[in-house]
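Dear colleague,

I am handing over a structure that you have not worked with before. Please look through it first, and then read the notes that follow.

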Amino acid sequence: MTGGGVALVAGTVSTVLFASSALPMVVKAIRTRDLASYSPANLVLANVGNAVHCIYVVHLPAGPIWFLHGFYVLTSALMLLWWLRFRSVRTDERRLT
């Protein structure tokens, strides 16, 4: 296997591992709708970082990094949107009790 082949396999394996490590967080967030433990500043910074990182990734050849970055962009954006949406639901629930 050439150096490029080894790099592709390593990139694919790491992409699967990184994405798998984030999936429980995403599943729990959508199942419980409890994102109180997430920092809004961290969620905003993650999204800004992903937006800036897009400039770098789009100039790379297609490969595992595109899938990994796409996964991070999607999950970071969803977590921020869910944090904003479910925060208002939690606030309304507190007012009712």
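Which residues make a nonpolar surface patch of about 520 Å²? The patch is made by Met1, Val6, Val9, Val13 and Leu17. Patches are built from residues with over 30% relative accessible area and no salt bridge, with like charges joined within 9 Å and nonpolar side chains (Val, Leu, Ile, Met, Phe, Trp, Tyr) within 5 Å; a salt bridge is a side-chain nitrogen of Lys or Arg within 4 Å of a carboxyl oxygen of Asp or Glu.

Please keep in mind that this is a predicted model, in which local features need pLDDT of at least 70 and side-chain atom pairs count only at pLDDT 80 or more, while totals for chains, interfaces and linings use all residues. Residues are numbered from 1 along each chain as its sequence is written, and side-chain values use heavy atoms, with hydrogens and water left out.

The chain has three helices and zero strands (DSSP runs, H or I of at least four residues for helices and E of at least two for strands, numbered from the N terminus), and its pattern along the sequence is α-α-α. The mean pLDDT (the predictor's confidence in each residue, from 0 to 100) is 87 for the chain, with 90% of the residues reaching 70 or more.

Of the 97 residues, 26% count as buried (under 20% relative accessible area, with exposed over 50% and partly exposed in between, using a 1.4 Å probe and protein chains only). Valine 9, a member of the patch, lies in helix 1 (residues 3-32) and is partly exposed, because its relative accessible area is 43%.

Helix 2 (residues 40-57) has 18 residues and reaches 25 Å from its first C-alpha to its last, close to the 26 Å expected (1.5 Å times one less than the number of residues). Its buried residues are Leu43, Asn47, Asn50 and Val57.

In helix 3 (residues 64-96) we find tryptophan 82, which is buried because its relative accessible area is 14%. Leaving aside residues up to four places away in sequence, tryptophan 82 touches Val26, Ala29, Ile30, Leu35 and Arg87, where contact means heavy atoms within 4.5 Å. Tryptophan 82 and leucine 35 are 47 residues apart in sequence, yet their C-alpha atoms are 7.7 Å apart in space. For the chain, among contacts between residues at least 6 apart in sequence, 74% join residues at least 24 apart.

How values were computed:
Areas by Shrake-Rupley, 256 points an atom, 1.4 Å probe, with all protein chains shown as cover.
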